[in-house]
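Hi,

Here is the structure I said I would pass on.

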Amino acid sequence: MANYGTSQSTTGQVSNVVVNNPIVEVDLQATSNDKFYFLNSPDEQYVRPYHRHEDGTLMIGAGVLGVNHELKPDEIIFEEISDENVLQTRERVSDIFYKLWFQSNTLSEQEILSMQTTIRDGIKQTGRNEDEPLVFYKKDRNTLESRKDLQGETFEKICQYIFDNSIIDLDDLFVIEQIDGVPQNNQNVIDYQIIFSHGNVQYKINIAKKVGNVFTDVLNLGQLTKIKNSTRINPEKASEILDTNIFELLPNQSTRQDTINRFFRDFNDLIGPKPAFQDVDGDGVGESAVNYEQDEQSRISYDNRPSAYITRTNEQAASDTNNQGKTIESMRNKLNTYLGDVDNVIETLEDDRPEYENVSQGFLKIRKPNQAIILKSPNNRELEFQKINPNNGKPSFLEDGFTVTMWVKFLSKTSEGTLFNFGNPLNTNQQNSPNDYGFRLDTKVNEYDGKYYRYIRLVVRDWGPFQNGKRFYRLRDNHFGTQGLNRFDHRSFGSNVTNYPEVHRAFPQISTDNLDE
């Protein structure tokens with residue numbers, strides 16, 4: 001509450017007199033987060049520009065610096081101070097009220113009972129009998145008698161004025177007066193007032209009324225009680241109420257293992273059932289949830305209900321800011337950082353194939369580009385590596401392996417084609433002729449994200465198992481599993497490489513940045 005100087009009366013009203021009280025601060029702004037209210041309409045909040053006068057009076061409008069004008073009550077505003085800021089001031093003022101009262105009065109036992117609070121007929125009431133329970137409050141300002149007066153307008157003005165002016169010493173600012181009132185039922189009436197004075201500011205609060213020998217309308221005195229020296233404690237009754245067995249108050253401390261066990265127990269309860277997956281790309285592994293909608297609706301990002309599970313994918317949490325980064329997919333991605341490249345883990349297998357022995361001597365060099373050469377044995381006999389093993393009926397290259405050595409220079413980033421070919425490995429004849437076997441080495445280029453990637457693919461058609469009396473042949477290549485592209489078991493990409501935008505990552509690559517390599 002601002003100090004209104006000589007224009008402030010004992011009732012807190014402001015006169016319309018122009019005084020030497022110039023404007024000292026202009027263009028101040030009251031926002032909706034502030035607590036500025038009109039003096040004559042305390043329930044109406046003010047949210048607009050305001051200015052401050054020399055004596056601290058706040059008024060609506062931006063104002064003009066140095067100007068004196070009439071202090072119109074309808075245009076005066078004040079900043080309400082929350083309990084957190086003025087709490088200590090209220091307690092100090094309450095203590096002063098107690099001090100003044102006890103210095104001027106000696107209360108009898110009956111007078112104390114008339115001021116105390118009890119619960120009668122289910123409600124709190126002022127004045128109790130000896131056999132009725134006494135209600136105590138944590139704070140004096142919360143008593144039944146005090147709530148109306150101590151939170152009233154005059155008390156708030158006193159506390160706010162003291163807080164605004166940073167007044168520390170309150171002892172000489174309060175006095176208590178007894179005023180004879182109008183007699184009631186032939187009984188004398190005494191009104192008790194506490195008066196606050198500071199400079200030209202004065203407030204008065206009625207704190208009690210005494211009719212005859214009984215106090216009524218008592219302010220802030222319901223906490224009083226009187227010790228009875230004649231009362232003795234009955235040990236038997238005390239033992240029925242007091243617990244003399246003292247136990248350790250600290251709860252049992254859980255171990256780290258208990259915490260880990262609780263985590264996995266909660267995780268298993270919250271992860272929810274696994275959805276059913278279908279194999280979309282024909283790689284033998286399911287990757288698309290069949291019951292996607294049912295799974296999505298069971299997750300917390302869809303409906304925050306008590307039985308909801310952890311959100312499964314990042315896509316399901318795209319519009320749920322509370323669960324972004326708290327999905328099963330995000331957990332999987334984070335766990336991968338603790339386990340290394342788990343998608344490319346390849347078990348070490350012992351190679352029990354015999355060491356290759358060169359059958360022919362020397363090598364053949366072709367210096368000109370885009371040339372081809374056909375190797376044939378004399379008299380159209382079989383080459384050494386295609387001869388059939390009489391023990392199992394397989395060609396030598398399928399049983400003993402083969403080695404091809406080539407030196408290749410690529411002339412552009414996009415050129416591709418077959419480097420060498422043997423047999424008919426890519427034959428699409430469904431009859432599976434015994435001659436449909438062989439191998440070929442391709443160089444291919446894949447364009448992805450605006451960049452060219454060259455990779456090498458070795459394709460081999462070998463003999464598979466018998467089915468229905470027929471020999472079936474399998475087409476395999478040298479691809480490997482990588483993140484996002486699972487390895488096909490006993491199969492190749494075949495002609496479906498275009499179905500995989502990043503197919504180059506599954507094959508050995510050759511840089512396209514340096515054609516002189």
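The chain has an accessible surface of about 35100 Å², and carbon and sulfur atoms account for 48% of that. Keep in mind that this is a predicted model. Of the 517 residues in the chain, 32% are buried. In secondary structure terms, you'll find 9 helices and 18 strands. If you take contacts between residues at least 6 apart in sequence, 48% of them join residues at least 24 apart.

Now for the rings. There are 11 aromatic pairs in the structure. One of them is F174 with F196: the ring centres are 5.1 Å apart and the planes sit at 45 degrees, so this pair is tilted. It ties together distant parts of the chain, with F174 in strand 8 (residues 174-180) and F196 in strand 9 (residues 189-198), 22 residues apart. Both partners are buried, F174 at 3% relative accessibility and F196 at 1%. F196 also pairs with Y203, with centres 6.5 Å apart and planes at 25 degrees, so that pair counts as stacked. Y203 is buried too, at 5% relative accessibility. Ring pairs join Y161, F174, F196 and Y203 into a cluster.

Another ring to look at is that of F410: the charged end of R454 sits over it, 3.9 Å from the ring centre.

Last one: is Q110 buried or exposed? It counts as exposed, because its relative accessibility is 57%, above the 50% cut-off. You'll find Q110 in helix 2 (residues 109-115).

Cheers

Conventions
Residues are numbered from 1 along each chain as its sequence is written. This is a predicted model: local features need pLDDT of at least 70, side-chain atom pairs count only at pLDDT 80 or more; totals for chains, interfaces and linings use all residues. Side-chain values use heavy atoms; hydrogens and water are left out. Helices (H or I, at least four residues) and strands (E, at least two) are DSSP runs, numbered from the N terminus. Buried means under 20% relative accessible area, exposed over 50%, partly exposed in between (1.4 Å probe, protein chains only). Contact means heavy atoms within 4.5 Å. Accessible areas come from the Shrake-Rupley method with a 1.4 Å probe; for residues, only the protein chains shown count as cover. Rings of Phe, Tyr and Trp (its six-membered ring) pair if their centres lie within 6.5 Å; planes under 30 degrees apart count as stacked, over 60 as edge-to-face and the rest as tilted. A charge sits over a ring if NZ of Lys or CZ of Arg is within 6 Å of the ring centre and within 35 degrees of the ring normal.
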